[in-house]
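Take a look at the structure below. Then read on for a short tour of its parts.

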Amino acid sequence: MKAAGYADRHPKSKQIIFRPIGIVHSASREPENRDWDKTVSEIQIDPKWIKGLKGLEDFSHLIVLFHLSRAEGVNLLVHPRRRMDLPLVGMFATRSPHRPNPIAMTICRLIKRRGTRLTVKGLDAIDGTPVIDIKPYIPDNDLVKRARVAKWIYKLR
């Protein structure tokens with residue numbers, strides 16, 4: 001028997017509701033283009049999820065999904081990172097925060113876990129950002145070999 005999908009289980013609902021599992025604590029208070037690779041942050045997970053963190057410290061990297069709670073509006077066409085020397089492209093071809101569902105994903109390094117506190121490096125989320133989910137980074141599942149990207153990506157490096 002096929003498992004029922006969301007629409008089958010919630011036929012009258014037109015919304016998907018996520019509840020944060022934690023919050024980011026960071027010295028970064030404003031969303032801006034910065035060198036996030038060096039940024040050290042802490043993710044405070046709600047204590048009710050502590051058992052779900054068991055074994056997470058065995059991984060060097062995490063995939064963190066978070067809500068861009070301060071993003072406003074939707075821009076269908078954008079210049080990546082607001083750089084006019086880059087082409088005007090659709091928002092779905094960028095990491096722009098101005099989207100229908102302002103959800104972001106970052107792979108960051110797990111420095112340590114203390115109870116419900118995760119110290120991470122490379123998380124591009126500002127202080128107070130709600131965390132939606134955390135997953136371990138698993139190279140066999142998450143690394144794409146020979147991935148193709150738009151040519152303008154190379155100008156960002």
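This report goes from the overall build to the barrel, a loop residue, the charged pairs and a surface patch.

## Overall build

This is a predicted model. The protein has 2 helices and 8 strands. Along the sequence they follow the pattern α-β-β-β-β-β-β-β-β-α.

Buried residues account for 30% of the 157 residues. The accessible surface of the protein is about 11600 Å². Carbon and sulfur atoms hold 54% of that surface. Now take the contacts between residues at least 6 apart in sequence: 71% of them join residues at least 24 apart.

## The barrel

How do the strands close up? A barrel is formed by 6 strands, in the order E1-E2-E7-E6-E3-E8, with antiparallel pairing. From one strand to the next, the twist averages 45°.

Start with strand E2, residues 40–45. Of its 6 residues, 5 are buried, so E2 is largely enclosed by the rest of the structure. Strand E1, residues 22–25, pairs with E2 in the antiparallel sense over 4 bridges. Here Ile23 has Gln44 in E2 as its bridge partner. E2 also pairs with strand E7, residues 117–121, in the antiparallel sense over 5 bridges. In that pairing, Val40 has Lys121 in E7 as its bridge partner.

E1 has another pairing, with strand E8 at residues 130–136. This one is antiparallel too, over 2 bridges.

## A residue in the E1–E2 loop

Ser26 sits in the loop between E1 and E2. Is Ser26 buried or exposed? Its relative accessible area is 8%, under the 20% cut-off, so Ser26 counts as buried.

Which residues does Ser26 touch? Leaving out residues up to four places away in sequence, they are Thr39, Ser41, Ala125, Ile126 and Asp127.

## Charged pairs

Side chains of opposite charge can pair when their charged atoms come close. The count here is 5 salt bridges. One of them joins Arg114 and Glu42, with the closest N and O atoms 3.6 Å apart. This pair links distant parts of the chain. Arg114 is in strand E6, residues 103–114, and Glu42 is in strand E2, 72 residues apart. Arg114 is partly exposed, at 43% relative accessibility. Glu42 is buried, with a relative accessible area of 17%.

Arg113 forms a salt bridge with Glu57, and the closest N and O atoms are 2.9 Å apart. Arg113 lies in E6 and Glu57 in the loop between E2 and E3, so the pair ties together parts 56 residues apart in sequence. Arg113 is partly exposed at 24% relative accessible area, and Glu57 is partly exposed at 43%. In a further salt bridge, the side chains of Asp85 and Arg83 meet at 2.7 Å, N to O. Asp85 is partly exposed, with a relative accessible area of 44%. Arg83 is partly exposed as well, at 28%. Salt bridges that share partners also join Glu42, Arg114 and Arg117 into one network.

## A nonpolar patch

Which residues form a nonpolar patch on the surface? They are Val74, Leu76, Leu77 and Leu88, with about 400 Å² of accessible area together.

Val74 is found in the loop between strand E3 (61–67) and strand E4 (77–78). Its relative accessible area is 42%, so Val74 counts as partly exposed.

Methods
Residues are numbered from 1 along each chain as its sequence is written. This is a predicted model: local features need pLDDT of at least 70, side-chain atom pairs count only at pLDDT 80 or more; totals for chains, interfaces and linings use all residues. Side-chain values use heavy atoms; hydrogens and water are left out. Buried means under 20% relative accessible area, exposed over 50%, partly exposed in between (1.4 Å probe, protein chains only). Two strands pair if DSSP finds at least two bridges between them. Axes are lines fitted to C-alpha atoms, for helices over the stretch in contact, and angles run from 0 to 180 degrees between N-to-C directions. Patches are made of residues with over 30% relative accessible area and no salt bridge: like charges are joined within 9 Å, nonpolar side chains (Val, Leu, Ile, Met, Phe, Trp, Tyr) within 5 Å. Accessible areas come from the Shrake-Rupley method with a 1.4 Å probe; for residues, only the protein chains shown count as cover. A salt bridge is a side-chain nitrogen of Lys or Arg within 4 Å of a carboxyl oxygen of Asp or Glu. Contact means heavy atoms within 4.5 Å.
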